[in-house]
Amino acid sequence: MDSRQHYILQRIIELNCFKEGKFTLKNGSESNYYINLRNLIREPEVIKVICELIYDKINFLSWKDFVICGLPYAGIPYAQGYSILYNTPSVFLRKEQKKHGMNNMIDGLEGLDKKKVLLIDDVITSGSSIQESLVHFEKEKLEVIGTIVIMDRRIENTGLIENVNSLFKLEDLLQYNSYRKANLLQETQLLSSKTEESRKSYGERVGLSNNKMFNFLLNLMEEKKSNLAVSLDYTSLKQIYKILSVIGEHIVIVKLHMDIIEDFDMDLCSQIVKLSKDLKFVIFEDRKFSEIGSIFQKQYQGGMYRISEWANLVNFHLISGDSNIQLFDKIYNPEDQAGLLVAQMSNKGNLFSKDYTNQVIEIGKRFASVCGFISQEKIAGDGFLYLTPGIGIAKEGDNLDQQYKSPQQALIVDGTDIIIVGRNITQSKSIIKSTLLYKELGWSSYLLSLRR
Ligand code: 5FU
């Protein structure tokens with residue numbers, strides 16, 4: 001979702017066009033939400049931005065050579081705005097037939113050389129308004145090539161009406177609303193309570209460590225304008241591949257748990273490696289090694305997973321001391337591999353203490369292969385990366401021990417660098433949309449944190 005889309009969703013809520021409660025809709029069905037976009041037309045800027053989004057949609061659909069027509073009444077301001085902004089002829093559909101003159105339902109047709117019409121409406125609930133209008137265009141031998149609506153709130157797409165495209169779906173609005181509710185107040189409070197200490201940008205930290213992965217990730221974040229790591233905790237590698245080919249361009253890290261995979265296949269793993277190079281993201285195996293040295297080496301290089309052959313990042317619990325990371329330091333490939341130390345965890349009841357975290361930091365400082373920590377806050381200097389799991393905006397946790405915090409909390413207040421989002425993306429209705437949402441939240445929070 002880009003900033004213009006965010007802006008429109010924000011204005012829909014701020015101009016009271018969206019209400020929660022018990023409502024009966026035009027088609028008689030009950031709903032927990034009420035959407036009436038009429039207030040939007042009070043704001044010329046909103047109309048302009050909506051017209052821009054309609055323009056992008058039309059270009060995407062490659063629709064050409066049409067006249068534009070707003071469905072009465074709510075679609076009219078947008079159709080007229082579009083007509084003026086993009087120099088497109090328009091016609092005018094009446095709500096009721098003219099009682100005198102030519103008795104026409106559609107004005108503006110005389111001498112019109114175009115045969116195609118594109119309809120604009122504000123909200124589609126069942127599609128009845130669009131359907132009812134079609135007869136008038138048919139009568140005038142105009143072909144309706146499609147309709148663009150601002151908000152599609154259909155429960156199901158019955159397929160009765162063809163070519164309806166929307167700028168937003170109800171779920172976009174609901175998702176945005178829950179994000180706002182959970183975070184807006186918090187964000188304001190956080191910003192007013194923050195300290196005077198300034199945060200260095202990712203770019204400014206390049207070179208603060210000799211670890212190549214550290215520098216690579218900082219540059220990558222700047223380049224992709226993303227500090228999002230996605231935890232794809234699926235049991236199918238095929239599914240992981242499929243999803244990565246869609247979201248890979250928006251993330252900087254994919255985090256995996258290879259030992260929960262049921263269809264493991266080294267070839268597929270190699271294809272994911274190829275994808276990671278094409279779409280520029282890093283593969284992180286969240287194996288949390290914590291064995292005696294000799295077993296660690298077998299777990300890392302051997303077994304059926306041969307983690308060292310495809311993982312760029314692996315992590316360590318130091319409960320068994322520093323022997324695993326010592327060994328890793330000798331066998332990793334500094335060109336494109338690095339280690340992360342688990343210094344804090346997100347779940348309830350974990351046994352991490354301040355003292356333990358400090359010892360992890362001290363060990364981290366001694367090994368060139370360590371590029372950062374898995375932590376809930378910035379726990380050491382700018383020469384390490386801080387990756388934070390347990391990120392979500394809608395819920396406080398799962399039904400087990402996980403605890404979520406918002407990207408704002410992690411990046412603005414707790415000063416971490418990379419948010420790791422799992423089920424809040426993988427179990428959402430649209431993986432791509434929630435990836436984009438978390439990417440946007442992560443990046444905007446990071447930018448806000450720089451303003452300290
Ligand atoms: F080190 C940690 C931690 O402290 N908390 C975590 O949740 C790792 N994780 C991992 O992040 C965990 O193993 C999951 O793979 C992921 C979180 O998934 P969620 O779906 O966002 O709860």
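**Contacts of Ile 419 in the predicted model.** In this predicted model, Ile 419 is in contact, once its neighbours within four places in sequence are left aside, with Asn 227, Leu 228, Ala 229, Thr 388, Ile 391, Pro 407, Ala 410, Leu 411, Tyr 438 and Gly 442. Ile 419 also belongs to the largest nonpolar core, which has 71 residues, and together with Ala 229, Val 252 and Val 254 touches the most other members of that core. Apart from this core lies another, of 44 residues, which includes Val 67, Val 123, Ile 148 and Val 149. In soluble globular proteins, nonpolar side chains tend to be buried together.

**Surroundings of the ligand.** The ligand is surrounded by 17 residues, of which Met 345, Ser 346, Pro 389, Gly 422 and Arg 423 are the closest. Strand 16 (418-421) and helix 14 (423-426) are the elements that contribute two or more residues to this shell. Sorted by class, the shell around the ligand consists of six nonpolar, eight polar and three charged residues.

**The two sides of helix 4.** Within helix 4, which spans residues 128-139, Ser 129, Ile 130 and Ser 133 are buried. Viewed down the axis of helix 4, the buried residues fall within an arc of 85 degrees, and they therefore line one face of the helix. Gln 131, Glu 132, Val 135, Glu 138 and Lys 139, on the other side of helix 4, are exposed.

**Cover over helix 4, and the residue that follows.** The buried residues of helix 4 are covered by elements including strand 4 (92-93), strand 6 (116-124), strand 7 (143-152) and strand 8 (164-169). Just after helix 4, Lys 141 adopts a positive phi of about 60 degrees.

Definitions and conventions: Residues numbered from 1 in each chain as written. Predicted model: local features only at pLDDT ≥ 70, side-chain atom pairs only at ≥ 80, totals over all residues. Buried ≥ 20, exposed ≤ 12 C-beta atoms within 10 Å, placed from the backbone. Helix = DSSP H or I, 4+ residues; strand = E, 2+ residues; numbered from the N terminus. Arc of directions from axis to C-beta. Contact = placed C-beta atoms within 7 Å. Near = placed C-beta within 6 Å. Nonpolar A, V, L, I, M, F, W, Y, C, P; charged D, E, K, R; others polar. Core = buried A, V, L, I, M, F, W, Y, C linked by C-beta atoms within 7 Å.
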